[in-house]
Amino acid sequence: MLRDEKLYEEINEAVFSLPIFDTHEHLLDEKDRRESNLDFSLFFMQYAGTDLLTSGLTEEEFVIFQDPKTDVQKKWSCFSKHWPNIKNTSYCKLILEAIKDLYGFEDINEKTFIELSEKIRKTRDVNWYDRVIKDKSNIKMVLNHLENIPQAYNTVLDREDIRPVINLDEIICTCCREDILEWEKRFNINIYKLQDLLGAIDGIFAEKDETGYKAVKTTIAYMRSLQFEETTFEEADKVFSGLFKLKSYGFLEKKDFLSKDELKPLQDYMVHYIIQKAVEHDLPVQIHTGIFELLYNDVSNSNPVYLTNLFFKYKKCKFDIFHAGYPYSDQLIAVCKQFPNVYFNMCWIVGISASLYKDILNRLIEIIPSNKIFGFGGDYMFVEGLYGSQKLARRSITELLYRKIEQKYFTFEESIDFAEKILYLNPKKVYGL
Ligand SMILES: [Zn+2]
């Protein structure tokens, strides 16, 4: 059947003119970007860069490729051996889409990489974030996660349209005496017992109006399973006291630490504690579930179904569950259908695969109430990734809604209302911005 081009264009125009509330990025400060030595390797610091590693670039080569001091010619010779193997993936298609629209190049190749790198460097002279986030992407608000990101020098971006989230994973994962010393320095307190560390956490929440935090975010599934059992304060405190019995070797830079199994009661307790604080301060809780960035991790740790006990217990908490729980998306859909306090977040998915994004969204349309779906988060550290993601998300939504109208599942108006809710109104309401 031939496509009804007029209908498609009408949907396309409506979807591309909607504002977006972006639930998740890792955008670096524009000040830092202006001070760094930019070139085309910027677009491979995440995701597409991991594809380079998966396809065979060694970790040593990757370090050289990402080093700002490496000559761009040398970067090209490192990169060009692997580029033909990775340019089929969505990660790379997204980058190419952004390069085409923002820099006017159809490809990264031996004829373009130098000129492209020069053009990227020129963005330091203009208000590039304004141009890309506001003008080109029509994004009204971004929830940005920078803490624990090694490249983030400043944790809070000085922009009206970017708000930070609190990440306490490092504290939850305290495992040695050196960690405790670090928190004593950071919070300017003495820590003799668990209660002292919990007090520091209380302080972070109490200051949320000054710091502007709009959510709590955890990526702890990168480190351990998402099963957070009921644990008493006494059990947690016992583990915490054990940290003080560990040896420290001073200048030898060796340290003793507790194993993951030993630490579990303490970590479980702190996760529950932090959720209680989030409820008290009316902050939604964002949880990484499903697929991981970087190499070598155990995806079976990150099944969102493990979180069910939390969803039951903390009915007043708004849980924003990330990355569609993929590859456990069907399980997450089933959970979201049962729990009014659980929201289904599609962030990062369109970058992984636009077809996957459409497949999951198609199920969501038919299975769960529309107010529980958050349609967009790019999950990028550089704005070009955000631009490419929102473009692919808008295009995927258009294609899917066109199909739903053809099937007479939605009228035209219903389809655009749905798009506006998932891209803008739903997260705006939940995050109260
Ligand atoms: Zn992320």
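Which residues of helix 21 are buried? They are Ser415, Ile416, Phe418, Ala419, Lys421, Ile422, Leu423, Tyr424, Asn426, Pro427 and Tyr431. Buried means that 20 or more other C-beta atoms lie within 10 Å of the residue's own; exposed means 12 or fewer, and partly exposed is in between, with C-beta atoms placed from the backbone. This is a predicted model: local features need pLDDT of at least 70, side-chain atom pairs count only at pLDDT 80 or more, and totals for chains, interfaces and linings use all residues. Residues are numbered from 1 along each chain as its sequence is written. Helices (H or I, at least four residues) and strands (E, at least two) are DSSP runs, numbered from the N terminus.

**Helix 21**

- Helix 21 covers residues 412-431, 20 residues in total.
- From its first C-alpha to its last, helix 21 reaches 28 Å, close to the 28 Å expected at 1.5 Å a residue. The expected span is 1.5 Å times one less than the number of residues.
- Helix 21 bends by about 55° at Lys421. The bend is the angle between axes fitted to the seven residues ending at a residue and the seven starting there.
- Lys421 is also one of the buried residues of the helix.
- The buried residues of helix 21 pack against helix 1 (5-16) and helix 20 (383-406). They also pack against strand 1 (20-25), strand 2 (139-144) and strand 8 (373-374).
- Gly432 follows helix 21 and has a positive phi, near 60°.

**Domains**

- The domain assignment gives domain 1 (32-125) and domain 2 (129-229 + 268-431). Such bounds come from an automatic or database domain assignment.
- The centres of the two domains, taken over C-alpha atoms, are 27 Å apart.
- Domain 1 puts 16 residues into the contact, and domain 2 puts in 20 residues. Two residues are in contact if their C-beta atoms, placed from the backbone, lie within 7 Å.
- On the side of domain 1 that touches domain 2, helix 3 (48-55) and helix 7 (90-103) each supply at least two residues.
- Helix 7 gives the largest share of that side, 7 residues.
- By class, that side of domain 1 has 10 nonpolar, 4 polar and 2 charged residues. Ala, Val, Leu, Ile, Met, Phe, Trp, Tyr, Cys and Pro count as nonpolar, Asp, Glu, Lys and Arg as charged, and the others, Gly among them, as polar.

- An open sheet of 5 strands runs in the order 4-5-6-7-8, with parallel pairing. Two strands pair if DSSP finds at least two bridges between them.
- Strand 4 (216-218) and strand 8 are the edge strands, each pairing on one side only.
- Strand 4 and strand 5 (residues 285-287) run parallel and are joined by 3 bridges. Lys217 stands opposite Gln286 in strand 5.
- Strand 6 and strand 7 also run parallel, again with 3 bridges. The bridge partner of Asp320 in strand 7 is Tyr343.
- From strand 7 (residues 342-345), Val342 and Phe344 point one way, while Tyr343 and Asn345 point the other way. All of them are buried.

**Strands 1 and 2**

- Strand 1 has 6 of its 6 residues buried, so it is largely enclosed by the rest of the structure.
- Phe21 stands opposite Met141 in strand 2.

**Loops and backbone**

- The peptide bond from Tyr326 to Pro327 is cis, with omega near 10°. Pro327 sits in the loop between strand 6 (319-321) and helix 17 (329-338).
- Tyr296 is not a glycine, yet its phi is positive, near 55°. Tyr296 lies in the loop between strand 5 and helix 16 (308-313). Tyr296 counts as exposed because it has 5 C-beta neighbours inside 10 Å.
- Asp379 has a positive phi too, near 75°. Asp379 lies in the loop between strand 8 and helix 20. Asp379 is buried, because 25 other C-beta atoms lie within 10 Å.
- Leu307 is in the loop between strand 5 and helix 16. Leu307 counts as buried because it has 23 C-beta neighbours inside 10 Å.
- Leaving aside neighbours within four places in sequence, Leu307 is in contact with Leu226 and Ile287.
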